[in-house]
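Dear colleague,

My notes on what was found in it follow directly after.

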Amino acid sequence: MSHPTAFVLERLAVDDLPPDEAAAARAHVAACAECRAYADSLAARSAARLAEVPPAAFVQKLVARRRVARRVAAAVTTGMGALLAASLILWLPRAGVRLKGGGFALERQRDGVVTRVGSDAAVRAGDRLRVIVTLPAPAPADAWFVGVDGHVDALVDAPVMTAAGEQPLPGSVTVDAPCVDGWIVVASGDAASPATEASLRAHAAGGVDRARAAPPGLPAHARAARLRCE
Amino acid sequence: MTQDELADAYRRYGPLVAQRCRAIVRDDALAEDALQNAFMRLWRYEASFAAAQSKLGWLYRVADRCCFDLLARRRTRRETSLAELPERQRSDAAVEDRELVMRFLSRFDERTQQVAVLHYLDGLPQEEIARATGWSRQTVWKKLTLLRDRAAELRAQLERGVPV
């Protein structure tokens with residue numbers, strides 16, 4: 001007898017199969033003691049896991065992590081009113097970084113003064129940075145900081161649907177102490193995805209050569225601006 | 001995604017993803033980290049998750065990467081025996097290969113790790129691994145051959161009492 005794969009049985013257990021495949025798998029399980037035993041063991045272990053870590057408790061851990069990550073990783077979402085009022089929101093064809101049909105630029109706020117900076121920007125602890133994206137058409141955009149020490153921080157909570165033209169990504173980034181050299185990476189379109197973040201993390205693990213113009217693992221439609229600590 | 005929706009996703013998929021993370025990293029604390037990392041990604045990339053044909057498959061791929069990242073960073077771990085995890089009935093040799101490969105998973109490159117997980121945990125045949133990864137069947141075949149050869153070497157070393 002040809003058995004469904006473990007993956008198919010697991011999809012069946014969480015109602016993740018298309019109806020026809022689910023019906024076939026269900027019929028097989030009904031007739032196959034081995035697969036039924038596996039399905040039963042999945043159900044028992046799922047019940048045990050949910051009893052051990054109930055959904056509400058698990059979600060609270062994630063909420064706490066997101067809060068801590070924002071503070072520790074320096075991706076601090078702030079009300080941008082004050083910064084907007086003082087900022088120079090400029091599309092930077094020279095100082096900025098080209099992105100598919102557009103580009104991105106950084107604004108650095110230091111001691112209350114907002115300055116537009118490009119790649120190889122000098123930063124120090126306490127500086128606040130904001131990403132300004134320019135796209136030719138509406139598309140999702142996402143941004144990360146990749147440190148030479150290998151850590152990768154998401155700069156926004158989720159990919160941001162960005163209108164055509166020049167748009168600031170929500171929030172700003174405060175450079176932590178001690179300052180770490182690295183890159184701001186911005187991706188648009190399909191590259192604003194978990195695959196990009198995973199690629200950045202995988203390639204950055206263990207550290208990145210600070211001489212690189214961009215961190216490794218950068219997909220098409222993603223660009224990087226290097227940050228240097230003063 | 002609201003916290004209620006996140007809780008629903010965890011209720012439905014969390015236990016299976018948790019079990020998978022334990023099977024890959026073989027350390028309860030690391031597995032919990034990987035599980036949380038995977039759900040943080042789900043929270044962050046809810047649109048990508050919502051568009052996925054297989055929600056469980058999407059979460060598995062994300063969780064796999066979270067596990068590989070943690071394996072790359074942490075070389076020491078308290079090992080969880082795969083015997084504690086659900087297992088389809090297999091031949092003794094297949095179970096032994098699975099045990100050895102998963103135990104020493106961190107020694108392989110990420111592509112090989114992905115093939116190992118799809119083969120030894122999901123039980124996928126070569127053509128489905130090729131479809132899932134986008135790699136050619138020949139590449140998948142080479143990786144599986146490498147895994148079996150490495151498992152045989154490790155088994156021989158262990159039988160001779162050579163540290164591995």
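In α1(A), the residues V8(A), L9(A) and L12(A) meet A22(A), A25(A) and R26(A) of α2(A), where a contact requires C-beta atoms, placed from the backbone, to lie within 7 Å, and where helices are DSSP runs (H or I, at least four residues) numbered from the N terminus. By class, this contact divides into 5 nonpolar residues, no polar ones and 1 charged, with Ala, Val, Leu, Ile, Met, Phe, Trp, Tyr, Cys and Pro counted as nonpolar, Asp, Glu, Lys and Arg as charged, and the others, Gly among them, as polar.

This is a predicted model, in which local features need pLDDT of at least 70 and side-chain atom pairs count only at pLDDT 80 or more, while totals for chains, interfaces and linings use all residues. Residues are numbered from 1 along each chain as its sequence is written, and chains are lettered from A in the order in which they are written.

Helix α1 (residues 6-13) of chain A has 7 of its 8 residues buried, that is, with 20 or more other C-beta atoms within 10 Å of their own; among them are F7(A), E10(A) and R11(A). After α1(A) comes D15(A), with a positive phi near 55°.

Chain A also touches chain B, in a contact that takes 33 residues from chain A and 38 residues from chain B. On the chain B side, α1(B) gives the most, with 12 residues, and the residues of that side divide into 18 nonpolar, 8 polar and 12 charged.

With best regards

Definitions and conventions. Contact = placed C-beta atoms within 7 Å. Helix = DSSP H or I, 4+ residues; strand = E, 2+ residues; numbered from the N terminus. Buried ≥ 20, exposed ≤ 12 C-beta atoms within 10 Å, placed from the backbone.
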